[in-house]
Amino acid sequence: MSTRIAFLKGHGTENDFVIVPDPDNAIELSPAAVAALCDRRAGIGGDGVLHVVRSAAHPEARRMADEAEWFMDYRNSDGSIAEMCGNGVRVFARYLQHAGHAAEGDLAIATRGGVKSVHIAKDGDVTVGMGSARLPEGDVTVRVGERSWPARNVNMGNPHAIAFVADLAHAGDLYDPPPVSPESAYPEGVNVEFVVDRGPRHVAMRVHERGSGETRSCGTGACAVAVATARRDGADPAVTGTPVTYTVDVPGGRLVITERPDGQIEMTGPAVIVAEGEIDGEWLENALR
């Protein structure tokens, strides 16, 4: 691999990503290559990789090409594939704007979780239509050490277990996935959010993202937390006909989540491109040995 590969680095509320532009889907990003790129000491470092591909060029996205020109081929930092990443979509949109593929206003982005509607505002914030939440039935429990909590099962295209706690420190170090039972509730693993109240319709969270460990932010997790908190508070826009908005603080910043009466959820927050350069092909080849 003697060629040099262009990359950018970006983040959304400090959920950071290595961005690899590849319109024709010509770059093979193996799990090992993704893990090498995301290594924070020996690589570029990131919570995941945003592989930027034209929908028509990717077998998983061709069916969405008429709705969205660009496909976010998202990978977790361990190289595994994820259905969606809310912060990643915002950073993906910012990259498209940075590269001249999109302007302020509305656009559509294809993901494994479907086509997402995005709005790039003049003030720099990006709003993403995150779809609707599913709330599977059944009791779920999250455990950290000797403590355990009942958790709310929320699916945002990817699975989440939300536990309301008295202190975010009770989540522990979050290096390893907190045990969740029953295991059958999440056969492909789960993102686990720990939540405390900060004020009226205002919460704070920490998260362990499957495949990445604790991250500074999780967009789908913030949406799942807002929905779980609303239901805990007795608020359901589908019943009342009134949208409900929650502010969700994450270690890397703040997100604003609105759930509408039709069930659609919008997430608003910042997205920043911080650097761009080239990956040395020889380094990447050696890293994969």
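Is Asp 176 buried or exposed? Asp 176 is exposed, because its relative accessible area is 58% (buried means under 20% relative accessible area, exposed over 50%, partly exposed in between, with a 1.4 Å probe and protein chains only).

The model is predicted: local features need pLDDT of at least 70, side-chain atom pairs count only at pLDDT 80 or more, and totals for chains, interfaces and linings use all residues. Residues are numbered from 1 along each chain as its sequence is written, and side-chain values use heavy atoms, with hydrogens and water left out.

1. Asp 176 sits in the loop between strand E10 (159-164) and strand E11 (180-181). Helices (H or I, at least four residues) and strands (E, at least two) are DSSP runs, numbered from the N terminus. In sequence, Asp 176 and Gly 211 are 35 residues apart. In space, their C-alpha atoms are 9.9 Å apart.

2. **Strand E13.** Eight of the eight residues of E13 are buried. On one side these are His 202, Ala 204, Arg 206 and His 208.

3. **Partners of E13.** Two strands pair if DSSP finds at least two bridges between them. E12 and E13 run antiparallel, joined by seven bridges. Val 195 has Met 205 in E13 as its bridge partner. With strand E15 (residues 244-250), E13 pairs in the parallel sense over three bridges. There, Ala 204 is partnered by Asp 249. E14 runs antiparallel to E13, with three bridges between them. His 208 stands opposite Glu 214 in E14.

4. **Two hairpins.** E12 and E13 form a hairpin with two residues between them. Arg 201 in that turn has a positive phi of about 50°. E13 and E14 form a hairpin with three residues between them. Here the turn holds Gly 211, with a positive phi of about 85°.

5. **Ser 212.** Ser 212 lies in the loop between strand E13 (202-209) and strand E14 (213-215). Ser 212 counts as buried because its relative accessibility is 19%. A polar atom of its side chain lies 3.2 Å from the backbone oxygen of Asp 47. Beyond neighbours within four places in sequence, Ser 212 is in contact (heavy atoms within 4.5 Å) with Asp 47, Asn 76 and Ser 77.

6. **Salt bridges.** The count is 18 salt bridges (a side-chain nitrogen of Lys or Arg within 4 Å of a carboxyl oxygen of Asp or Glu). One of them joins Arg 40 and Asp 47 at 3.0 Å, N to O. Asp 47 is buried, because its relative accessibility is 7%. Another joins Glu 83 and Arg 210 at 2.6 Å, N to O. Glu 83 lies in the loop between E4 and helix H2 (86-98) and Arg 210 in the loop between E13 and E14, so this bridge ties together parts 127 residues apart in sequence. Glu 83 is partly exposed at 23%, whereas Arg 210 is buried at 17%.

7. **A further bridge and a network.** Glu 259 and Arg 231 meet in a salt bridge of 2.7 Å, N to O. Glu 259 is in strand E16 (residues 253-259) and Arg 231 in helix H3 (residues 219-232), so the pair ties together parts 28 residues apart in sequence. Salt bridges that share partners join Lys 9, Asp 16, Arg 40 and Asp 47 into one network.

8. **Aromatic pairs.** There are two aromatic pairs. The rule takes rings of Phe, Tyr and Trp (its six-membered ring) with centres within 6.5 Å; planes under 30 degrees apart count as stacked, over 60 as edge-to-face and the rest as tilted. Phe 17 and Tyr 74 are edge-to-face, at 5.9 Å centre to centre and 75° between the planes. Phe 17 is in strand E2 (residues 15-21) and Tyr 74 in strand E4 (residues 70-76), 57 residues apart. Phe 17 is buried at 0%, and Tyr 74 is buried at 2%. Trp 149 and Phe 194 are also edge-to-face, at 5.7 Å and 80°.

Key. Polar contact = N/O pair within 3.5 Å; in protein donor to acceptor, adjacent residues only side chain to side chain.
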